[in-house]
Amino acid sequence: MSIWWSLHLRREAASVPLARRLLLGTMESAGVDPDISYDLSVALSEACANAVEHGGDAAHGASSEAYRVTAYLDGEKCRIEVTDSGPGFPAGRARTPLRPARGDAEHGRGLCLIQELADHVQIGNQPGRGGAVVSFDKILKWRKDPSLLTAWRIC
């Protein structure tokens with residue numbers, strides 16, 4: 001089974017739970033194990049929160065009022081990509097490995113958390129355009145009786 005969706009969201013805090021609820025609903029309908037769904041939803045929330053907070057100051061005339069979330073559930077893997085139109089990550093220098101922030105820090109934990117929750121993470125800039133791209137994937141596990149798959153077998 002393959003499911004794909006993409007959202008173009010305003011850079012507002014209210015967009016973060018909207019994206020998270022859509023992902024959780026998709027995963028539940030597809031029969032994904034709730035623990036895997038939860039991990040991906042937290043990672044998505046962190047990526048969206050970063051786009052909302054840091055995705056402004058558009059480069060090359062692009063609108064900085066929005067960001068895009070795309071999710072692919074394909075076979076045994078889910079891939080999520082969050083793209084904004086802000087300044088992106090600093091160019092011209094290699095990215096240093098992400099280190100966890102201090103436990104009492106209020107900022108700086110999001111990307112590290114995404115790396116902990118996902119199987120594979122790519123963090124960079126859009127090629128030839130302004131904006132950051134955070135993409136991550138995770139191997140899926142399934143509930144014993146997935147509702148969407150059960151409904152398809154009945155038909």
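Let's start at the S41 side chain, which makes a polar contact with the side chain of R20 at 3.5 Å. By polar contact I mean a pair of N or O atoms within 3.5 Å; within protein, one has to be able to donate a hydrogen and the other to accept it, and residues adjacent in sequence count only if both atoms are side-chain atoms. A polar atom of the S41 side chain also lies 2.8 Å from the backbone oxygen of Y38.

A quick word on what we're looking at. This is a predicted model, where local features need pLDDT of at least 70, side-chain atom pairs count only at pLDDT 80 or more, and totals for chains, interfaces and linings use all residues. Residues are numbered from 1 along each chain as its sequence is written, and side-chain values use heavy atoms, with hydrogens and water left out.

Back to S41, then. Is S41 buried or exposed? S41 is buried, at 0% relative accessibility; buried means under 20% relative accessible area, exposed over 50%, and partly exposed in between, with a 1.4 Å probe and protein chains only. S41 sits in helix α2. Leaving out residues up to four places away in sequence, S41 touches R20, L23 and L24, where a contact means heavy atoms within 4.5 Å.

A43 is in helix α2 as well, and A43 counts as buried at 1% relative accessibility. With residues up to four places away in sequence set aside, A43 touches I114, L117 and F136. And look at L113: A43 and L113 are 70 residues apart in sequence, yet 6.8 Å apart in space, C-alpha to C-alpha.

Now the sheet. Five strands form an open sheet in the order β1-β2-β3-β5-β4, with antiparallel pairing. From one strand to the next, the twist averages 10°. Strands count as paired if DSSP finds at least two bridges between them; β3 (residues 77-84) and β5 (residues 132-139) pair in the antiparallel sense over seven bridges. R79 stands opposite D137 in β5.

Two helices pack on that sheet. Helix α1 (residues 15-30) touches β1, β2 (66-74) and β3, and its direction makes about 170° with that of β1. Helix α2 (residues 34-54) touches β2, β3 and β5, and its direction makes about 180° with that of β5. For those angles, axes are lines fitted to C-alpha atoms, for helices over the stretch in contact, and angles run from 0 to 180 degrees between N-to-C directions.

How many aromatic pairs are there? The count comes to one; rings of Phe, Tyr and Trp (its six-membered ring) pair if their centres lie within 6.5 Å, with planes under 30 degrees apart called stacked, over 60 edge-to-face and the rest tilted. The ring centres of W4 and Y72 are 6.3 Å apart with planes at 45°, so this pair is tilted. W4 is in strand β1 and Y72 in strand β2, 68 residues apart. W4 counts as exposed at 53% relative accessibility, while Y72 is partly exposed at 34%.

Last, the overall view. The protein chain has four helices and five strands, both being DSSP runs numbered from the N terminus: helices are H or I of at least four residues, strands E of at least two. Along the sequence the pattern reads β-α-α-β-β-α-β-β-α. Of the 155 residues in the protein chain, 41% are buried.
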